[in-house]
Amino acid sequence: MKIPPFILFLMITFGILATVSMLAPVLFPIDLSDTELTARFKPPRLFDPESDFLFGTDSLGRDVGIRLLYATRTSLIIAFLGMVLATIFGLIVGVLSGLNGGVTDHVLSFITDTQLSVPTTFIGIICATMMGSDALTVIIVIGVTGWPGFARLVRSQVIQLKEAKFVESSRSIGASKTRIFFEHILTNIASPLIVYATMNLSSFILLESALSYIGLGIQPPETTLGVMVSDGRNYLLQSWWMAVIPSVLIVLLILQISLIGDWLRDKLDPKLKNKT
Amino acid sequence: MTRFIAVRVCKAILTVLFVWTVVFILSRVTGDPVDWILSEGGSEEAIAQVRHNLGLDFPLWEQYFRAFVDILTGNAGDSYYYARPVLDLFGERFVATLGLGVIVFLVTILVGIPLGVLAAVKHNTILDRLTMTFSIAGYTIPNFVLGILLIIVFSLHLHLLPSGSYGTAAHYVLPVIAMAVGPTASVARLTRSSMLDVIGQDYLDSARAKGVNEWAVIYKHALRNSLIPVITILGAQLSTIIGGSVIVEMVFAWPGIGSLIVSSARQRDFPVVQFGVMMICISITFINLLVDLSYSILDPRIRVKN
Amino acid sequence: MDNNPILEVKEARKYYPVTKGFISRRNIGTVKAVDNVSFNLYKGETLGVIGESGCGKSTLAKLILGLTAPSGGEIRLNGEPVRPDMPLSMRRNIQMIFQDPYSSLDPRMDVRRIVEEPLRVHERLSKEEKNRIVLPIMEQVGLPAGALHKFPHEFSGGQRQRIGIARALVLNPELIVCDEPVSALDVSIQAQVLNLFASLKKIRGLTYIFISHDMGVIKHVSDRIMVMYLGQVMEIASKRSLFGDARHPYTQALMSAIPKPNPAAKKSRIVLEGDLPSPIHAPAGCPFQSRCPQAMEKCQIKPELKQVGEGHYAACHLVNEGVSHDEIYRSKGM
């Protein structure tokens, strides 16, 4: 597969970022609740060449750079787990809807459409109110807000595939419904599903950041990019880097994943263009 | 035609009921509301009293319907935290959010659509490239990030605009920009691609060669048809705007419904959150219904298909 | 040609009800996709089935393959009834080749998996056993063994059709139903594939039902030909009889549409006017009357298939009174 240099560049940078952040506890083992009050508000090295800290420190003297890695790690893990949840649930609903048709389809489609009309942040708010704000809640929120999109996609793919000639020919050979489902339908859904999941990963990261920002996501001392931005919001005047640096990283991650996802979609399944 | 309307209305009602069911189930499943109020625990009578006040001693079915009707009629109980009627709290903050939402929506339409049209008409020129870049920025940069950046640049360094709270027209500028960029970019992008589909490249080039008069004709017909998919997503954009208002209100300390709901959520002040979510859901459903019905007037094909 | 029919189709019907409404399904009509079709198929022959789109040939194929149940009548393969729930052992005896080489092969499977699929469904064989079956067949259809690990999109239309044929042969069936197998191919490739069909028939002793809308192709491959219109049989005869002496006006119109190699030959083209009537509201009587250049009052009564020659039957009032096709079947006690 030929990968254009720019996309390759994005993939490599994202890969490095992801890997390093995943290894943060190994590379930079710290206790996230540690504070170093003597080193508060130190600016990044870019602005103060004598600063010990590459990215400065925050209001509690903690190294922004190291926290950034931990934050990215948590954000990515949560977004990824949420995506898995959404994919599984969406797959189940979409397959049931597409294969069975009839009343099942009507009911499930109704639920899917209804959910799509509720703003995702509100679902997050409700869940946080009821279940408390922690990593598990956020993952569930992502799963809950994300699955309708997957279900729609899977459903339309399954409906198309059901009528495909190669499915009919398998039936004429005598293949059982189960065999046809696993050998033909699932394998043909896999690729559009993966593309769609990749493209949505960026919006899951966004959702997590937004929820954490308003305090309804991950709670300190655990940190994610959204939490870091929220921490920095109150100190914009004196140490703007606290908020800006994690913000830049959020944008960077979203940009990388979106562009890679777009390219992946154009390469594998251009028909998906209309479904986003 | 009436059948079409009836179906749509039924769907809308079912949608609201569905959301309410989910909210209700979640609320009852995840813990006894009494615990939230009497957090220190209390005597048997106290608990029973609170239960009675909250209407929790009715059977579950009754609670479901009573609470739903209550919300619809505005009788949403008292906030646990503020110990004031929920309705009052919302009433105070309603205008602030409404103002913001309406302006953002207007900006989205009035900036997004012309931008998309221009980009389509001047396809492959610098303006087009800029618009596309703008649209990428729109979905890449989250609204709260944008808000913070705007504050840093325009408030703290340039001292041009206030960084938060509410009051004059100047206070509106930054929040509106932060909230509007996303939806505007989406609308612009969709308008552009829709226009391009309708116009077709050859048509454009030959029109350019012929002179300005042709353009007026293109605008009139092409625009009308290409707007149809755009209107379709306006409903979704509204959802996004309302969802976004929650976050942006926090960034700018905007005394609106969004920030009320969020801070109540943080305190697990359930009546406030419940009312807020239901009210917003009902509004969105209602507006979507209007949008649905209105564009079926614009596009007769949709009416017939159903 | 044997005298034992391997396939017997008796008064087969497939009706689809057309309903309206979501809550209360009102029946507003019936599409009679296949309406009282009877014929026998003998071992070793190729029966060509011709008709325009919508004449029911594809539905007939589905009935014969047991992909859908008949609404009436009976279909028997070697004496056993053909139904969607028929045993796997019966299914291996009839295979199908499809029209569109581009959609009849799963794009995500390599050729080996595609061709071996019938083996996977019907048997448990080891790799060597499968190879023993698959490799000679690949040769017979003219595909290199190296094609086995490639994917469908790497092949041309004609080659993909060969893959489909290979897949159909793998279980060594007696009967192969070919549903417009060359319609989607370039004319030059059509000839190659048709020749392949002929050689396979000889080598493997196959029996074909060959469906097409192209009279030229049908003429090339068939021993006997059945002409269908709106789900009913208009005429059935041996190739020679049909081309020598077509009796049904519809058949005559189809014949006249075959391009003749001699441009100087007189153009006696019969042009049919009007469109196919809606299959939901099929007219009573002869289905062809709305377009027939020789339609009469009498045509509002449905004509029976009457014998006009040896093994030659036509359903038209213009045909002289002869023995009815269906009577012959009923009298043979089938």
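Two residues are taken to be in contact if their C-beta atoms, placed from the backbone, lie within 7 Å. Residues are numbered from 1 along each chain as its sequence is written, while chains are lettered from A and ligands numbered from 1 in the order in which they are written. The model is predicted, with local features requiring pLDDT of at least 70 and side-chain atom pairs counting only at pLDDT 80 or more, whereas totals for chains, interfaces and linings use all residues.

Select chains A and B to begin: their contact takes 32 residues from chain A and 36 residues from chain B. On the chain A side, colour α5 (120–131), α8, α9 (225–233) and α10 (241–268), each of which supplies at least two residues; helices here are DSSP runs of H or I with at least four residues, numbered from the N terminus. The largest share of that side, nine residues, belongs to α5(A). By class, the side of chain A that touches chain B has 22 nonpolar, nine polar and one charged residues, where Ala, Val, Leu, Ile, Met, Phe, Trp, Tyr, Cys and Pro count as nonpolar, Asp, Glu, Lys and Arg as charged, and the others, Gly among them, as polar.

Now keep chain A and show chain C, where the contact takes 14 residues from chain A and 16 residues from chain C. On the side of chain A that touches chain C, α7 (165–173) and α8 (177–213) each supply at least two residues, and α7(A) gives the most, with seven.
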